[in-house]
Amino acid sequence: MKSHEEFEELAAGYAVGALDGDDLARFEAHVAEGCDRCATILHDSGEALVRPARAQPPAEMKPELLVRIAAEAPRRTRNPAGRASWVPWAAATAALAVLSAMLTGGMVASRYEARMGQMARETAAARERLQREEAALREEVTAYREAVELLRDPATRVVALQGAGPSPEASGRLLWHDRTGGRLVVANLPSAPPGKSYELWTLGGPAPRPAGVFKVDASGRGTHRVEPTEGPATTFAVTLEPEAGVPAPTGPIVLASR
């Protein structure tokens, strides 16, 4: 004879349909003898299981559940006191709850991954922006240092340029040294159209000589390092030209020295 404590353990398994064979037959016979304690355990276990199963199953799942219940019927020919028909449905509902939790967790993980991807892209864009700003700042500092060095030399000239043609509001300053070259700084010059750049020219010989191409930022400001040229450079001009530059001026003059 099993002790009653062992029957209580069997009652927990019986409540969820986990008994079979000799254990199932022995426990059902025990309950049929009128054990109030086991009947109470079955009732309490049933209440605990049936709470999450009170909702009706989805319509599309009914046929499958009916097949499963029918398959379980031969094993449950005896239905002693307290043995309720809700056990298979409760077990199926518990499985559905687990599946639902897995699907919900997958959706949350997918949204989390999407948000992490967006944050990574935003971080990369911010890093690129900071790198561009840092490069621009370094270039500006370099230009200021060069200007200071040029101004220390008494042979350096400060050449003023004023707007002309399509850019009358533009202005510029060129620190020029005949031996070492110079540094051009411009302001209020519109951004060059796509495929175009501004090109600096030195004048003073038989023909204008190209002195490099440059662009300006969104505010119309720009700076350009000017290499020394062969021959004298008495005046300067800036024209709008193809992006790669040309050997002789073709576009309109936008800045010119006085």
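**Figure 1. The whole chain.** Of the 258 residues in the protein chain, 29% are buried. The model shown here is predicted. Its secondary structure comes to five helices and eight strands. Along the sequence, these elements follow the pattern α-α-α-α-α-β-β-β-β-β-β-β-β. Among contacts in the protein chain with a separation of 6 or more, 62% are between residues 24 or more positions apart.

**Figure 2. The open sheet.** Eight strands make up an open sheet, with antiparallel pairing. Across the sheet the strands are placed in the order β5-β4-β7-β8-β1-β2-β3-β6. At the edges are β5 (residues 209–214) and β6, each of which pairs on one side only. On average, and with direction ignored, neighbouring strands of this sheet are turned by 20° against each other. Strands of a sheet pair through backbone hydrogen bonds, and the pairing can be parallel or antiparallel.

**Figure 3. Strands β4 and β7.** Strand β4 covers residues 196–203, and strand β7 covers residues 235–242. The two run antiparallel and are joined by eight bridges.

**Figure 4. The largest pocket.** The largest pocket holds about 490 Å³ of space. Its lining consists of 16 residues. Those nearest the centre of the pocket are E140, D217, R221, G222 and T223. The elements that give two or more residues to the lining are α5 (87–152), β2 (171–177), β3 (181–187) and β6 (222–226). Which of the elements gives the largest share of the lining? Helix α5 does, with six residues. By type, the lining divides into seven nonpolar, two polar and seven charged residues. Empty space of this kind shows up when a probe the size of a water molecule is rolled over the atoms.

Figure 5. S167 lies in the loop between β1 (157–163) and β2. Is S167 buried or exposed? Its relative accessibility is 6%, so S167 counts as buried, because buried means under 20%. With neighbours within four places in sequence left aside, S167 is in contact with L189, P190 and V254.

How values were computed
Residues numbered from 1 in each chain as written. Predicted model: local features only at pLDDT ≥ 70, side-chain atom pairs only at ≥ 80, totals over all residues. Heavy atoms only, no water. 1 Å grid on protein atoms, 1.4 Å probe; cavity = no way out; pocket = protein on both sides within 12 Å on 5 of 7 lines; lining within 4 Å. Points joined across faces, edges and corners; volume = space filled by probe spheres on them. Helix = DSSP H or I, 4+ residues; strand = E, 2+ residues; numbered from the N terminus. Nonpolar A, V, L, I, M, F, W, Y, C, P; charged D, E, K, R; others polar. Pairing = 2+ DSSP bridges. Axes fitted to C-alpha atoms, helices over the stretch in contact; angles between N-to-C directions. Buried < 20%, exposed > 50% of the residue type's maximum accessible area, 1.4 Å probe, protein only. Contact = heavy atoms within 4.5 Å.
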